Amino acid sequence: MKKKEVPQDKSNLESANFRELCYAVDENGEYTTENSTGWEPKTVALNNAIEEIHERIEDAKHRVIKGETSPIEYYMELHKMDVGILASYVGFWQWKVKRHFKPSVFKKLSEKTLQKYAEVFEISVEELKSMHR
Amino acid sequence: MKHETKIDFTHHQSAHCENGVVSNLMKHNGYNVSEPMVFGIGSGLLFCYIPLLKVNHAPVITYRALPGHIFKKFANRTGVKMKREKFSNPKDAKARLDENLEKNNPVGLQVGVYNLVYFPDEYRFHFNAHNMVVYGKKENRYLISDPVMEDVTSLSEKELEKVRFAKGAFAPKGHMYYPISFPEKLELEKAIIKGIKDTCRSMLAPVPFVGAKGIHKIAGLIRKWPKQKGIKTANHYLGQVVRMQEEIGTGGGGFRYIYAAFLQEAGKLLENEKLIALSKEMTEIGDLWRDFALEASRIYKNRSAQTDSYNKVADQLDHIADLEKVFFKKLKKSI
(Lines give C-alpha, C1' and ligand atoms only; values in the text may rest on other atoms or scores of the structure.)
Protein backbone atom coordinates (compact mmCIF):
# COMPACT_ATOMS: atom_id res chain seq x y z
CA MET A 1 0.00 0.00 0.00
CA LYS A 2 1.28 3.43 -0.90
CA LYS A 3 1.15 6.18 1.67
CA LYS A 4 -1.20 8.29 -0.42
CA GLU A 5 -3.50 5.28 -0.88
CA VAL A 6 -4.10 4.82 2.87
CA PRO A 7 -7.89 5.07 2.97
CA GLN A 8 -9.55 8.01 4.68
CA ASP A 9 -13.16 6.83 4.72
CA LYS A 10 -15.82 7.73 7.22
CA SER A 11 -16.03 5.20 10.06
CA ASN A 12 -17.09 4.52 13.64
CA LEU A 13 -13.73 5.82 14.82
CA GLU A 14 -14.98 9.34 14.31
CA SER A 15 -17.17 9.26 17.42
CA ALA A 16 -14.10 8.76 19.61
CA ASN A 17 -12.09 11.17 17.55
CA PHE A 18 -9.22 8.89 16.76
CA ARG A 19 -7.39 7.66 13.74
CA GLU A 20 -5.58 4.37 13.55
CA LEU A 21 -2.04 3.84 12.36
CA CYS A 22 -1.27 2.07 9.10
CA TYR A 23 2.03 1.04 7.53
CA ALA A 24 2.65 2.10 3.95
CA VAL A 25 5.49 2.98 1.57
CA ASP A 26 6.35 6.50 0.48
CA GLU A 27 7.27 7.55 -3.06
CA ASN A 28 10.85 6.28 -2.57
CA GLY A 29 9.66 2.85 -1.49
CA GLU A 30 10.60 3.53 2.15
CA TYR A 31 8.27 2.25 4.85
CA THR A 32 6.52 4.87 6.91
CA THR A 33 3.27 5.24 8.83
CA GLU A 34 0.09 7.12 8.09
CA ASN A 35 -3.06 7.67 10.12
CA SER A 36 -6.33 6.46 8.69
CA THR A 37 -9.85 7.60 9.57
CA GLY A 38 -11.22 4.26 8.40
CA TRP A 39 -11.78 1.96 5.44
CA GLU A 40 -15.20 1.15 4.10
CA PRO A 41 -14.86 -2.66 3.68
CA LYS A 42 -14.15 -3.03 7.37
CA THR A 43 -16.69 -0.44 8.48
CA VAL A 44 -19.32 -2.49 6.66
CA ALA A 45 -18.05 -5.68 8.34
CA LEU A 46 -18.17 -4.03 11.75
CA ASN A 47 -21.62 -2.55 11.17
CA ASN A 48 -22.94 -5.95 10.09
CA ALA A 49 -21.49 -7.53 13.23
CA ILE A 50 -23.19 -4.88 15.36
CA GLU A 51 -26.45 -5.35 13.53
CA GLU A 52 -26.17 -9.08 14.20
CA ILE A 53 -25.78 -8.34 17.92
CA HIS A 54 -28.84 -6.08 17.86
CA GLU A 55 -30.83 -8.86 16.24
CA ARG A 56 -29.71 -11.25 18.96
CA ILE A 57 -30.77 -8.76 21.64
CA GLU A 58 -34.19 -8.22 20.05
CA ASP A 59 -34.67 -11.94 19.65
CA ALA A 60 -33.80 -12.60 23.30
CA LYS A 61 -36.17 -9.82 24.36
CA HIS A 62 -39.07 -11.39 22.46
CA ARG A 63 -38.36 -14.77 23.94
CA VAL A 64 -38.36 -13.27 27.45
CA ILE A 65 -41.74 -11.66 26.76
CA LYS A 66 -43.08 -14.93 25.41
CA GLY A 67 -41.84 -16.71 28.55
CA GLU A 68 -39.32 -18.85 26.69
CA THR A 69 -36.22 -17.59 28.43
CA SER A 70 -35.23 -15.49 31.45
CA PRO A 71 -34.01 -11.88 31.41
CA ILE A 72 -30.53 -13.19 32.12
CA GLU A 73 -30.19 -14.24 28.50
CA TYR A 74 -31.42 -10.84 27.35
CA TYR A 75 -28.85 -8.99 29.47
CA MET A 76 -26.15 -11.39 28.37
CA GLU A 77 -26.80 -10.49 24.73
CA LEU A 78 -27.07 -6.80 25.61
CA HIS A 79 -23.54 -7.00 27.01
CA LYS A 80 -22.23 -8.78 23.90
CA MET A 81 -21.49 -11.85 26.01
CA ASP A 82 -21.92 -15.54 25.35
CA VAL A 83 -22.60 -18.23 27.95
CA GLY A 84 -18.88 -18.87 28.49
CA ILE A 85 -18.08 -15.24 29.19
CA LEU A 86 -21.09 -14.73 31.44
CA ALA A 87 -20.27 -17.91 33.36
CA SER A 88 -16.75 -16.68 34.07
CA TYR A 89 -18.03 -13.29 35.28
CA VAL A 90 -20.60 -14.73 37.70
CA GLY A 91 -18.40 -17.66 38.67
CA PHE A 92 -20.84 -20.45 37.81
CA TRP A 93 -20.48 -23.44 35.50
CA GLN A 94 -21.88 -22.90 32.02
CA TRP A 95 -24.58 -25.53 32.47
CA LYS A 96 -25.76 -23.70 35.55
CA VAL A 97 -26.02 -20.38 33.70
CA LYS A 98 -27.96 -22.12 30.93
CA ARG A 99 -30.32 -23.55 33.55
CA HIS A 100 -30.90 -20.03 34.86
CA PHE A 101 -32.25 -19.16 31.41
CA LYS A 102 -35.30 -21.31 32.18
CA PRO A 103 -38.07 -18.99 33.41
CA SER A 104 -39.24 -21.57 35.95
CA VAL A 105 -35.74 -21.85 37.42
CA PHE A 106 -35.17 -18.09 37.24
CA LYS A 107 -38.28 -17.44 39.34
CA LYS A 108 -36.89 -19.51 42.18
CA LEU A 109 -33.36 -18.06 42.17
CA SER A 110 -32.10 -16.79 45.51
CA GLU A 111 -31.54 -13.10 46.11
CA LYS A 112 -27.83 -13.81 46.36
CA THR A 113 -27.65 -15.43 42.93
CA LEU A 114 -29.72 -12.67 41.36
CA GLN A 115 -27.44 -10.12 42.98
CA LYS A 116 -24.43 -11.72 41.28
CA TYR A 117 -25.99 -11.35 37.86
CA ALA A 118 -27.20 -7.84 38.62
CA GLU A 119 -23.68 -6.79 39.59
CA VAL A 120 -22.19 -8.13 36.38
CA PHE A 121 -24.82 -6.31 34.31
CA GLU A 122 -24.51 -3.18 36.49
CA ILE A 123 -28.22 -3.04 37.27
CA SER A 124 -30.42 -3.60 40.32
CA VAL A 125 -32.06 -6.95 41.08
CA GLU A 126 -35.38 -5.25 40.35
CA GLU A 127 -34.22 -4.25 36.90
CA LEU A 128 -32.90 -7.74 36.29
CA LYS A 129 -36.26 -9.27 37.14
CA SER A 130 -38.29 -6.85 35.05
CA MET A 131 -35.92 -6.46 32.08
CA HIS A 132 -36.49 -2.70 32.13
CA ARG A 133 -33.70 -0.53 31.03
CA MET B 1 3.11 9.54 50.01
CA LYS B 2 2.97 11.69 46.90
CA HIS B 3 -0.48 12.30 45.51
CA GLU B 4 0.70 13.02 42.05
CA THR B 5 3.21 11.10 40.04
CA LYS B 6 3.89 11.69 36.44
CA ILE B 7 6.73 9.82 34.85
CA ASP B 8 8.44 11.51 31.94
CA PHE B 9 7.21 9.05 29.34
CA THR B 10 6.89 9.66 25.61
CA HIS B 11 3.82 8.23 23.92
CA HIS B 12 4.29 6.95 20.38
CA GLN B 13 1.25 5.67 18.54
CA SER B 14 1.63 2.21 17.06
CA ALA B 15 -0.54 -0.02 14.93
CA HIS B 16 -0.61 -2.93 17.33
CA CYS B 17 -0.83 -2.74 21.11
CA GLU B 18 1.62 -5.47 22.09
CA ASN B 19 4.46 -4.31 19.82
CA GLY B 20 3.63 -0.76 20.76
CA VAL B 21 3.96 -1.28 24.50
CA VAL B 22 7.27 -3.12 24.08
CA SER B 23 8.62 -0.50 21.68
CA ASN B 24 7.52 2.37 23.92
CA LEU B 25 8.97 0.79 27.09
CA MET B 26 12.25 0.11 25.23
CA LYS B 27 12.39 3.70 24.00
CA HIS B 28 11.71 4.94 27.52
CA ASN B 29 14.77 3.00 28.68
CA GLY B 30 16.94 4.50 25.97
CA TYR B 31 16.78 1.77 23.33
CA ASN B 32 15.38 2.92 20.04
CA VAL B 33 13.51 -0.15 18.81
CA SER B 34 10.72 0.38 16.28
CA GLU B 35 7.35 -1.34 16.32
CA PRO B 36 8.06 -3.45 13.19
CA MET B 37 11.37 -4.53 14.74
CA VAL B 38 9.60 -5.79 17.86
CA PHE B 39 7.02 -7.55 15.68
CA GLY B 40 9.63 -9.22 13.47
CA ILE B 41 12.00 -10.30 16.24
CA GLY B 42 9.06 -11.53 18.29
CA SER B 43 7.81 -13.57 15.28
CA GLY B 44 4.44 -11.86 15.39
CA LEU B 45 3.35 -12.79 11.89
CA LEU B 46 1.15 -15.84 11.56
CA PHE B 47 -1.90 -17.28 9.95
CA CYS B 48 -3.91 -19.67 12.00
CA TYR B 49 -7.46 -20.92 11.87
CA ILE B 50 -8.58 -22.09 15.29
CA PRO B 51 -11.08 -24.88 14.79
CA LEU B 52 -13.91 -25.38 17.28
CA LEU B 53 -13.47 -21.98 18.91
CA LYS B 54 -16.08 -19.33 18.17
CA VAL B 55 -15.93 -15.65 18.97
CA ASN B 56 -18.98 -13.46 18.40
CA HIS B 57 -20.63 -16.64 17.13
CA ALA B 58 -18.24 -16.94 14.18
CA PRO B 59 -15.04 -18.92 13.47
CA VAL B 60 -11.75 -17.50 14.65
CA ILE B 61 -8.78 -16.74 12.48
CA THR B 62 -5.68 -15.05 13.70
CA TYR B 63 -3.08 -13.24 11.63
CA ARG B 64 -0.66 -12.94 14.54
CA ALA B 65 0.98 -14.95 17.30
CA LEU B 66 -0.90 -15.62 20.52
CA PRO B 67 -1.12 -12.71 22.96
CA GLY B 68 2.04 -12.37 25.01
CA HIS B 69 4.17 -14.43 22.64
CA ILE B 70 5.62 -11.54 20.64
CA PHE B 71 6.66 -10.01 23.89
CA LYS B 72 8.20 -13.13 25.38
CA LYS B 73 10.11 -14.02 22.22
CA PHE B 74 11.37 -10.47 21.74
CA ALA B 75 12.68 -10.37 25.33
CA ASN B 76 14.32 -13.81 25.09
CA ARG B 77 15.98 -13.10 21.75
CA THR B 78 17.37 -9.70 22.71
CA GLY B 79 18.34 -10.66 26.26
CA VAL B 80 16.01 -8.18 27.94
CA LYS B 81 14.70 -9.46 31.26
CA MET B 82 11.08 -8.86 32.03
CA LYS B 83 9.26 -9.00 35.29
CA ARG B 84 5.70 -10.27 35.00
CA GLU B 85 3.13 -10.49 37.73
CA LYS B 86 -0.45 -11.69 37.94
CA PHE B 87 -2.78 -11.18 40.85
CA SER B 88 -5.78 -12.90 42.32
CA ASN B 89 -6.75 -9.87 44.34
CA PRO B 90 -7.45 -6.45 42.74
CA LYS B 91 -6.19 -4.66 45.88
CA ASP B 92 -2.75 -6.26 45.60
CA ALA B 93 -2.71 -5.49 41.90
CA LYS B 94 -3.40 -1.83 42.56
CA ALA B 95 -0.82 -1.64 45.38
CA ARG B 96 1.92 -3.09 43.15
CA LEU B 97 1.03 -0.71 40.36
CA ASP B 98 1.13 2.32 42.68
CA GLU B 99 4.43 1.14 44.11
CA ASN B 100 5.99 1.04 40.65
CA LEU B 101 4.66 4.45 39.72
CA GLU B 102 6.14 5.87 42.96
CA LYS B 103 9.47 4.42 41.87
CA ASN B 104 9.17 6.21 38.54
CA ASN B 105 8.73 2.96 36.69
CA PRO B 106 6.15 2.93 33.88
CA VAL B 107 4.59 -0.51 33.52
CA GLY B 108 2.77 -2.47 30.84
CA LEU B 109 -0.66 -3.88 31.63
CA GLN B 110 -2.80 -6.47 29.91
CA VAL B 111 -6.44 -5.42 29.91
CA GLY B 112 -9.87 -6.28 28.55
CA VAL B 113 -11.38 -4.03 25.90
CA TYR B 114 -15.07 -4.33 26.78
CA ASN B 115 -14.96 -1.78 29.60
CA LEU B 116 -12.35 0.49 28.07
CA VAL B 117 -14.37 3.69 28.18
CA TYR B 118 -12.26 5.71 25.75
CA PHE B 119 -12.80 3.20 22.92
CA PRO B 120 -15.70 3.78 20.54
CA ASP B 121 -18.68 1.69 21.63
CA GLU B 122 -18.65 -0.32 18.43
CA TYR B 123 -15.16 -1.59 19.15
CA ARG B 124 -15.86 -2.73 22.70
CA PHE B 125 -15.94 -6.50 22.50
CA HIS B 126 -14.91 -9.06 25.11
CA PHE B 127 -11.34 -9.17 23.95
CA ASN B 128 -8.89 -9.55 26.81
CA ALA B 129 -5.48 -9.27 25.23
CA HIS B 130 -5.15 -5.53 24.86
CA ASN B 131 -2.03 -3.80 26.21
CA MET B 132 -1.27 -0.35 27.56
CA VAL B 133 1.31 1.53 29.62
CA VAL B 134 0.49 3.31 32.87
CA TYR B 135 2.89 6.19 33.41
CA GLY B 136 1.50 8.10 36.37
CA LYS B 137 -1.37 9.08 38.57
CA LYS B 138 -3.02 12.44 38.97
CA GLU B 139 -6.01 13.28 41.18
CA ASN B 140 -6.79 9.57 41.53
CA ARG B 141 -6.78 9.02 37.81
CA TYR B 142 -4.21 6.78 36.17
CA LEU B 143 -2.34 8.27 33.24
CA ILE B 144 -2.55 5.88 30.31
CA SER B 145 -0.51 5.55 27.17
CA ASP B 146 -2.55 3.24 24.97
CA PRO B 147 -0.38 2.54 21.93
CA VAL B 148 -3.23 2.35 19.44
CA MET B 149 -4.52 5.80 20.45
CA GLU B 150 -3.14 8.97 18.91
CA ASP B 151 -2.79 10.65 22.32
CA VAL B 152 -2.47 9.73 25.96
CA THR B 153 -5.58 9.38 28.09
CA SER B 154 -6.59 8.51 31.67
CA LEU B 155 -8.79 6.11 33.64
CA SER B 156 -10.28 6.27 37.13
CA GLU B 157 -9.16 3.71 39.72
CA LYS B 158 -12.39 1.81 39.31
CA GLU B 159 -12.27 1.86 35.51
CA LEU B 160 -8.73 0.53 35.50
CA GLU B 161 -9.55 -2.21 37.99
CA LYS B 162 -12.42 -3.35 35.80
CA VAL B 163 -10.31 -3.73 32.66
CA ARG B 164 -7.45 -5.38 34.57
CA PHE B 165 -9.84 -7.96 35.97
CA ALA B 166 -11.97 -8.61 32.89
CA LYS B 167 -13.16 -12.21 32.61
CA GLY B 168 -13.42 -14.75 29.82
CA ALA B 169 -10.78 -16.13 27.43
CA PHE B 170 -7.28 -14.76 28.13
CA ALA B 171 -8.49 -13.12 31.36
CA PRO B 172 -5.68 -10.71 32.28
CA LYS B 173 -5.80 -11.31 36.07
CA GLY B 174 -4.16 -7.96 36.65
CA HIS B 175 -1.18 -8.95 34.49
CA MET B 176 1.56 -6.34 34.83
CA TYR B 177 5.00 -6.38 33.22
CA TYR B 178 8.09 -4.24 32.81
CA PRO B 179 11.75 -4.65 31.83
CA ILE B 180 14.13 -5.06 34.76
CA SER B 181 17.48 -5.55 33.06
CA PHE B 182 19.03 -4.99 29.68
CA PRO B 183 22.03 -6.54 27.93
CA GLU B 184 25.18 -4.43 27.91
CA LYS B 185 24.78 -3.84 24.22
CA LEU B 186 21.54 -4.50 22.44
CA GLU B 187 22.43 -6.72 19.49
CA LEU B 188 19.55 -7.03 17.13
CA GLU B 189 21.27 -8.96 14.32
CA LYS B 190 21.09 -12.43 15.85
CA ALA B 191 17.65 -11.77 17.25
CA ILE B 192 16.39 -10.79 13.78
CA ILE B 193 17.63 -14.04 12.26
CA LYS B 194 16.04 -16.09 15.02
CA GLY B 195 12.78 -14.21 14.59
CA ILE B 196 12.71 -14.73 10.81
CA LYS B 197 13.54 -18.43 11.06
CA ASP B 198 10.78 -18.96 13.58
CA THR B 199 8.22 -17.17 11.40
CA CYS B 200 9.22 -19.20 8.34
CA ARG B 201 8.85 -22.38 10.37
CA SER B 202 5.31 -21.61 11.45
CA MET B 203 4.16 -20.22 8.10
CA LEU B 204 5.42 -23.39 6.39
CA ALA B 205 4.28 -25.74 9.14
CA PRO B 206 2.89 -29.07 7.92
CA VAL B 207 -0.29 -28.49 9.91
CA PRO B 208 -3.62 -28.02 8.13
CA PHE B 209 -4.72 -25.00 10.20
CA VAL B 210 -1.51 -23.02 10.21
CA GLY B 211 0.40 -20.80 7.78
CA ALA B 212 0.00 -21.21 4.02
CA LYS B 213 -1.94 -24.46 4.57
CA GLY B 214 -4.26 -22.66 6.95
CA ILE B 215 -5.05 -20.06 4.27
CA HIS B 216 -5.99 -22.85 1.84
CA LYS B 217 -8.13 -24.36 4.58
CA ILE B 218 -10.10 -21.13 5.06
CA ALA B 219 -10.49 -20.75 1.29
CA GLY B 220 -12.05 -24.22 1.26
CA LEU B 221 -14.40 -23.34 4.11
CA ILE B 222 -15.52 -20.13 2.38
CA ARG B 223 -16.54 -22.17 -0.67
CA LYS B 224 -18.70 -24.39 1.57
CA TRP B 225 -20.27 -21.76 3.84
CA PRO B 226 -23.13 -20.50 1.63
CA LYS B 227 -24.47 -23.99 1.02
CA GLN B 228 -23.72 -25.37 4.45
CA LYS B 229 -24.73 -22.40 6.60
CA GLY B 230 -26.92 -20.23 4.40
CA ILE B 231 -26.10 -16.81 2.98
CA LYS B 232 -26.71 -14.87 6.18
CA THR B 233 -24.32 -16.91 8.31
CA ALA B 234 -21.81 -17.19 5.48
CA ASN B 235 -21.71 -13.41 5.28
CA HIS B 236 -21.40 -13.07 9.02
CA TYR B 237 -18.43 -15.45 8.98
CA LEU B 238 -16.83 -13.72 6.02
CA GLY B 239 -17.24 -10.37 7.76
CA GLN B 240 -15.41 -11.73 10.79
CA VAL B 241 -12.52 -12.92 8.59
CA VAL B 242 -12.15 -9.41 7.20
CA ARG B 243 -12.46 -7.83 10.63
CA MET B 244 -9.72 -10.02 12.07
CA GLN B 245 -7.54 -9.17 9.09
CA GLU B 246 -8.06 -5.43 9.01
CA GLU B 247 -9.11 -4.42 12.49
CA ILE B 248 -7.28 -1.81 14.50
CA GLY B 249 -3.87 -3.13 15.37
CA THR B 250 -3.00 -4.97 12.19
CA GLY B 251 -1.49 -1.97 10.45
CA GLY B 252 -3.45 -3.14 7.39
CA GLY B 253 -3.37 -6.31 5.30
CA GLY B 254 -3.39 -8.73 8.23
CA PHE B 255 -0.04 -7.49 9.62
CA ARG B 256 1.66 -8.08 6.25
CA TYR B 257 2.62 -4.40 5.90
CA ILE B 258 4.18 -4.24 9.36
CA TYR B 259 6.13 -7.35 8.48
CA ALA B 260 7.28 -5.80 5.20
CA ALA B 261 8.43 -2.74 7.17
CA PHE B 262 10.38 -5.05 9.46
CA LEU B 263 12.07 -6.82 6.52
CA GLN B 264 13.11 -3.48 5.05
CA GLU B 265 14.58 -2.29 8.35
CA ALA B 266 16.24 -5.66 8.95
CA GLY B 267 17.66 -5.69 5.42
CA LYS B 268 19.35 -2.34 6.00
CA LEU B 269 20.69 -3.34 9.39
CA LEU B 270 22.07 -6.67 8.17
CA GLU B 271 23.08 -5.17 4.80
CA ASN B 272 21.12 -7.93 3.12
CA GLU B 273 19.71 -6.88 -0.25
CA LYS B 274 17.56 -9.99 -0.46
CA LEU B 275 15.56 -8.95 2.58
CA ILE B 276 14.90 -5.54 1.04
CA ALA B 277 13.63 -7.18 -2.15
CA LEU B 278 11.47 -9.55 -0.09
CA SER B 279 10.03 -6.59 1.77
CA LYS B 280 8.71 -5.32 -1.57
CA GLU B 281 7.22 -8.70 -2.30
CA MET B 282 5.53 -8.84 1.09
CA THR B 283 4.00 -5.41 0.42
CA GLU B 284 2.52 -6.78 -2.80
CA ILE B 285 1.11 -9.77 -0.90
CA GLY B 286 -0.36 -7.32 1.62
CA ASP B 287 -2.05 -5.53 -1.28
CA LEU B 288 -3.60 -8.83 -2.35
CA TRP B 289 -5.00 -9.32 1.16
CA ARG B 290 -6.53 -5.85 0.88
CA ASP B 291 -8.04 -6.79 -2.51
CA PHE B 292 -9.52 -9.88 -0.92
CA ALA B 293 -11.08 -7.77 1.88
CA LEU B 294 -12.53 -5.35 -0.67
CA GLU B 295 -14.01 -8.16 -2.76
CA ALA B 296 -15.40 -9.92 0.34
CA SER B 297 -17.01 -6.69 1.54
CA ARG B 298 -18.90 -6.45 -1.76
CA ILE B 299 -20.45 -9.83 -0.93
CA TYR B 300 -21.62 -9.04 2.58
CA LYS B 301 -22.63 -5.52 1.64
CA ASN B 302 -25.13 -6.67 -0.96
CA ARG B 303 -26.34 -9.69 0.95
CA SER B 304 -27.63 -11.33 -2.22
CA ALA B 305 -24.44 -13.02 -3.26
CA GLN B 306 -24.26 -16.04 -5.49
CA THR B 307 -22.06 -19.02 -4.75
CA ASP B 308 -19.88 -17.78 -7.57
CA SER B 309 -18.74 -14.72 -5.67
CA TYR B 310 -17.73 -16.87 -2.68
CA ASN B 311 -15.66 -19.01 -5.02
CA LYS B 312 -14.07 -15.90 -6.41
CA VAL B 313 -12.81 -14.64 -3.02
CA ALA B 314 -11.76 -18.19 -2.13
CA ASP B 315 -9.67 -18.24 -5.34
CA GLN B 316 -8.01 -15.03 -4.19
CA LEU B 317 -7.06 -16.67 -0.90
CA ASP B 318 -5.73 -19.79 -2.60
CA HIS B 319 -3.56 -17.54 -4.75
CA ILE B 320 -2.27 -15.69 -1.66
CA ALA B 321 -1.54 -19.01 0.07
CA ASP B 322 0.55 -20.16 -2.91
CA LEU B 323 2.46 -16.90 -2.96
CA GLU B 324 3.13 -16.97 0.78
CA LYS B 325 4.38 -20.52 0.59
CA VAL B 326 6.96 -19.55 -2.04
CA PHE B 327 7.71 -16.33 -0.17
CA PHE B 328 8.60 -17.94 3.14
CA LYS B 329 10.73 -20.58 1.44
CA LYS B 330 12.72 -17.78 -0.16
CA LEU B 331 12.87 -15.85 3.08
CA LYS B 332 14.24 -18.90 4.88
CA LYS B 333 17.08 -19.15 2.35
CA SER B 334 17.88 -15.45 2.39
CA ILE B 335 19.40 -15.42 5.88
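Mentor: Domain bounds here come from an automatic or database domain assignment, and on that basis chain B is divided into domain 1 (5–32 + 81–181) and domain 2 (188–333). The model is predicted, so that local features need pLDDT of at least 70 and side-chain atom pairs count only at pLDDT 80 or more, while totals for chains, interfaces and linings use all residues. Residues are numbered from 1 along each chain as its sequence is written, and chains are lettered from A in the order in which they are written.

Trainee: What separates the centres of domain 1 and domain 2 of chain B, and how many residues does the contact take from each?

Mentor: The centres, taken over C-alpha atoms, are separated by 30 Å.

Trainee: Why is Ile258(B) called buried?

Mentor: A residue is buried if 20 or more other C-beta atoms lie within 10 Å of its own, exposed if 12 or fewer, and partly exposed in between, with C-beta atoms placed from the backbone. Ile258(B) has 33 C-beta neighbours inside 10 Å and therefore counts as buried. Ile258(B) lies in helix H9 (residues 256–269) of chain B, helices (H or I, at least four residues) and strands (E, at least two) being DSSP runs numbered from the N terminus. Not counting residues up to four places away in sequence, Ile258(B) touches residues including Tyr23(A), Phe39(B) and Gly251(B).

Trainee: How do you know that the length of helix H4 (residues 90–102) of chain B agrees with its number of residues?

Mentor: The expected span of a helix is 1.5 Å times one less than its number of residues. The 13 residues of H4(B) should therefore span 18 Å, and the end C-alpha atoms are 18 Å apart, which agrees.

Trainee: Which residues of H4(B) are buried, and what puts them on the same side?

Mentor: The buried residues are Ala93(B), Leu97(B) and Leu101(B). They cover an arc of only 70° around the axis, which puts them on the same side of H4(B), the arc being that of the directions from the helix axis to the C-beta atoms. On the other side of H4(B), the exposed residues are Lys91(B), Asp92(B), Ala95(B), Glu99(B) and Glu102(B). The buried residues of H4(B) pack against elements of chain B, among them strand E5 (107–111) and helix H5 (157–164).

Terms used:
Two residues are in contact if their C-beta atoms, placed from the backbone, lie within 7 Å.
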